[in-house]
Amino acid sequence: MSDTDTGQWIATVPLADLKRRKKLRVELGDRAVALFLVGERVFALDDVCIHKGRSLSRGVLWKGKVVCPAHQWTFDPETGAADDQDECQPVHEVRVIDGVVHVSAHPRP
């Protein structure tokens, strides 16, 4: 895994790696981020769940949602909104350049 920083964007893994597994944990400096492939779209959320502090990349994708392994809260991978909760998981912008997933170093405000 590369963590080549090009300004705000950090190159992480080849898209082909994510296509094989559908989810991966990557490190952006001192921040762990979970990548998820839903259909043809790549999403990035802070890997540490806001509720129980568990790794979301160890959870599952179910009906297009990210399911936390600790308490089964479901998160919208695009917005980070937790179903039936007021809390929101931090989400990072993603772009794919030349087959490599690039993630914004900081979550959306």
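**Salt bridges, cores and strand pairing in a predicted model**

Q: What makes Arg31 and Asp46 a salt bridge?
A: The closest N and O atoms of Arg31 and Asp46 are 2.9 Å apart. The definition asks for a side-chain nitrogen of Lys or Arg within 4 Å of a carboxyl oxygen of Asp or Glu, so the pair qualifies. The model is predicted, and the distance of 2.9 Å is computed from it.

Q: Why can Arg31 and Asp46 be said to tie together parts of the chain?
A: Arg31 belongs to strand β4 and Asp46 to strand β5, so the pair connects parts that are 15 residues apart in sequence.

Q: How do you know whether Asp46 is buried or exposed?
A: Asp46 has a relative accessible area of 10%. Buried means under 20%, so Asp46 is buried.

Q: Why is the contact of Lys65 with Asp83 called a salt bridge?
A: The N to O distance is 3.0 Å, which is within 4 Å, so the name applies. The pair links distant parts of the chain, with Lys65 in strand β7 and Asp83 in the loop between β8 and β9, 18 residues apart. By the same rule the count comes to seven salt bridges. Arg25, Glu27 and Asp47 are linked in a network of such bridges.

Q: Why is the pair of Trp73 and Phe75 called tilted?
A: The ring centres are 6.3 Å apart, within the 6.5 Å limit, so the rings pair. Their planes stand at 55°; stacked would need under 30 degrees and edge-to-face over 60, so the pair is tilted. The count of aromatic pairs comes to one.

Q: How do you know whether Trp73 is buried or exposed?
A: Its relative accessible area is 13%, under the 20% limit, so Trp73 is buried. Phe75, at 0%, is buried by that criterion as well. Trp73 and Phe75 are among the members of a core of 11 residues.

Q: Which residues touch the most other members of the largest nonpolar core?
A: Val33, Leu35 and Val103 do so, in a core of 15 residues. β2, α1, β3, β4, β5 and β11 each supply at least two of its residues.

Q: Why is β2 described as largely enclosed by the rest of the structure?
A: Five of its six residues are buried, so the description holds. Four bridges join β2 to β11 in antiparallel fashion, and Pro14 stands opposite Val100.

Q: What makes β6 and β8 stand at the edges?
A: The open sheet has the order β6-β7-β8 with antiparallel pairing. Each of β6 and β8 has a single partner strand, so one side of each lacks a neighbour in the sheet.

Q: How do you know that β6 pairs with strand β7?
A: Pairing needs at least two bridges, and three join β6 to β7, so the strands pair. In β7, Val67 is the bridge partner of Val60.

Conventions. Residues numbered from 1 in each chain as written. Predicted model: local features only at pLDDT ≥ 70, side-chain atom pairs only at ≥ 80, totals over all residues. Heavy atoms only, no water. Core = buried A, V, L, I, M, F, W, Y, C linked by side-chain atoms within 4.5 Å. Buried < 20%, exposed > 50% of the residue type's maximum accessible area, 1.4 Å probe, protein only. Phe/Tyr/Trp six-rings, centres within 6.5 Å; stacked < 30°, edge-to-face > 60°.
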